Amino acid sequence: MAPKKAKKKEAGSSNVFSMFEQSQIQEFKEAFTIMDQNRDGFIDKNDLRDTFAALGRVNVANEELDEMLKEAPGPVNFTVFLTMFGEKLKGTDPEETILNAFKIFDAEGTGILKGEEIKYHLMSQADKFTEAEMTQMFTNFPLDVAGNLDYKNLCYVITHGEEKEQE
């Protein structure tokens, strides 16, 4: 009976691993290893606290760390870590949906938008962006020399996690 259990467990975890490309899994593994400060194979409250400290945030409340750990179904080993990211990424809208949202502002269908125009809309409509959020967006996705945002590349990065190769 033991072989069946092992096989069942293997099938469950292989499903998690099939959600990502091998290079993505390697990147997640590197992130997990960095966060697993005590190298015990699990991310616990002390590991999270140390990770925040390494990022410059030293006064993290125990309650905040507990809330993070509560998101996991149990101890956070690499498979649980990967599963949690998979679940978070599943919540991302499909690329086409995000593109269509930007296309509303792109009547000519060029794939680019004027930076100042998109900033105005994002800061004045619905879930308004703050100045800090706009700065962060333009830092991560800089405007070109003409002040335009390549929203097609932005949408690709949001849904795939990496820049699209230039065609």
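Mentor: Contact here means heavy atoms within 4.5 Å. Keep in mind that this is a predicted model.

Trainee: Okay. Of contacts between residues at least 6 apart in sequence, what share joins residues at least 24 apart?

Mentor: 51% of them.

Trainee: Which secondary structure elements does the chain have, and in what pattern?

Mentor: There are 9 helices and 2 strands. Along the sequence they run α-α-α-α-α-α-β-α-α-β-α.

Trainee: What about burial? How much of the chain is buried?

Mentor: Of the 167 residues, 27% are buried. The chain exposes about 11800 Å². Carbon and sulfur atoms supply 55% of that area.

Trainee: Switching topic. Where does UniProt put the EF-hand domain feature?

Mentor: At residues 23-58 and 93-128, according to an unreviewed entry.

Trainee: What does the model show over residues 23-58?

Mentor: That stretch is 64% helix and 0% strand. Its end C-alpha atoms are 31 Å apart.

Trainee: I'm looking at Asp 47. Which helix is that in?

Mentor: Helix α3, which covers residues 45-54.

Trainee: Is Asp 47 buried or exposed, and why?

Mentor: Asp 47 counts as buried because its relative accessible area is 1%, and the cut-off for buried is under 20%.

Trainee: Beyond neighbours within four places in sequence, what is Asp 47 in contact with?

Mentor: Met 35, Asp 36, Gln 37, Asn 38, Asp 40 and Phe 42.

Trainee: And Ile 34? How far is its C-alpha atom from that of Asp 47?

Mentor: The two C-alpha atoms are separated by 9.3 Å. Along the chain, Ile 34 and Asp 47 are 13 residues apart.

Note on methods. Residues numbered from 1 in each chain as written. Predicted model: local features only at pLDDT ≥ 70, side-chain atom pairs only at ≥ 80, totals over all residues. Heavy atoms only, no water. UniProt positions renumbered as here; feature names shortened; annotations may be inferred. Helix = DSSP H or I, 4+ residues; strand = E, 2+ residues; numbered from the N terminus. Buried < 20%, exposed > 50% of the residue type's maximum accessible area, 1.4 Å probe, protein only. Areas by Shrake-Rupley, 256 points an atom, 1.4 Å probe, with all protein chains shown as cover.
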